[in-house]
Amino acid sequence: DFIFVMFTACELGVFDLLQESEEKLSSKAIAEHLGSSLHGMEILLDACVGLKLLEVEVNKEGAFYCNTEISEQFLTKSSPKSQYHTCMYYSKTIYLCWQYLTEAVREGKNQYERAFGISPKAVFEALYRSEEEMLKFMYGLNAIWSLCGRDVIAAFDLSPFTMICDLGGGAGALAQECVSLYPDCTVTIFDLPKVIQTAKKHFVSLEKHRINFYEGWCSYFGERGKTKLLLRQQVFLLSPKVITTYHHTFGFKVP
């Protein structure tokens, strides 16, 4: 599958090595730097060329490779728009379920139980089954928001709202876009307790005084009278990921 060519090149560090290099590199040099077999690396590099993820220059001394503009922008770790973490999450987690596509079609439900031994209704237990998996997911989500977060927040004028609630806000990438774009607002991230603790530890610095956290946002919404009052005073952000997950898990719908 061509997508695994990209995943493998990302994981091995091919794009990062070529970004750091001041010149095009041969397959031998790349294989030596990354600790791989020469034969395997040659096949991988040529596959990347075919996918337009790398460019190759062939001369009498051999073939020499460099990144394309796309791979430089989206597949190197240091790029502001890097999708490296998204690729790694899909490679190590999401695509594990694809081998059960036949069963998914027959049964009409996700395949977390077969892939991870977790109930198909326990979506977040699958996503957050370990701290390592949680970090992969949160880094991946932040990477996606690095591409479109500012556009999403700017799609509507939220300047009249001084209090913004980010439901299922995870690592806080969308919240940080909010406080950057609207200097008079504060944002409260609502999420599971272990997600909040991880966000504080790894993603949102203590200097972000205009970003607050609330652990366990489902219980918060159980206070119906309080919620009705707050809805008049605040704006709530719901990402498509949250809406889709809660619709399939709890029957939660947004009118």
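Contact, in these legends, means heavy atoms within 4.5 Å. Helices (H or I, at least four residues) and strands (E, at least two) are DSSP runs, numbered from the N terminus. The model is predicted: local features need pLDDT of at least 70, side-chain atom pairs count only at pLDDT 80 or more, and totals for chains, interfaces and linings use all residues. Residues are numbered from 1 along each chain as its sequence is written, and side-chain values use heavy atoms, with hydrogens and water left out.

**View 1. Helix α4 and its surroundings.** Helix α4 covers residues 38–50, 13 residues in total. From first C-alpha to last it reaches 18 Å, close to the 18 Å expected at 1.5 Å a residue (the expected span is 1.5 Å times one less than the number of residues). Met41, Leu44, Leu45 and Cys48 are the buried residues of α4; buried means under 20% relative accessible area, exposed over 50% and partly exposed in between, with a 1.4 Å probe and protein chains only. Seen down the axis of α4, these buried residues fall within an arc of 100°, so they line one face of the helix; the arc is that of the directions from the helix axis to the C-beta atoms. The cover over them includes α1, α2 (14–20), α3 (27–34), β2 and β3. On the other side of α4, His39 and Gly50 are exposed.

**View 2. The two ends of α4.** At the start of α4, a side-chain oxygen of Ser37 comes to within 3.0 Å of the backbone nitrogen of Gly40. After α4 comes Lys52, with a positive phi near 65°.

View 3. Strands β2 (residues 54–59) and β3 pair antiparallel over 6 bridges (two strands pair if DSSP finds at least two bridges between them). They form a hairpin with 2 residues between them. Strand β1 (residues 25–26) is joined to β3 (residues 62–67) by 2 bridges, also antiparallel. Phe64 in β3 is the bridge partner of Glu57 and of Ser26.

View 4. The structure holds 11 aromatic pairs; rings of Phe, Tyr and Trp (its six-membered ring) pair if their centres lie within 6.5 Å, and planes under 30 degrees apart count as stacked, over 60 as edge-to-face and the rest as tilted. The ring centres of Phe4 and Tyr95 are 5.4 Å apart with planes at 80°, so this pair is edge-to-face. Phe4 lies in helix α1 (residues 2–12) and Tyr95 in the loop between α6 (84–92) and α7 (101–107), 91 residues apart. Phe4 and Tyr95 belong to one aromatic cluster, with Trp98 and Tyr128 among the other members.

Key. Polar contact = N/O pair within 3.5 Å; in protein donor to acceptor, adjacent residues only side chain to side chain.
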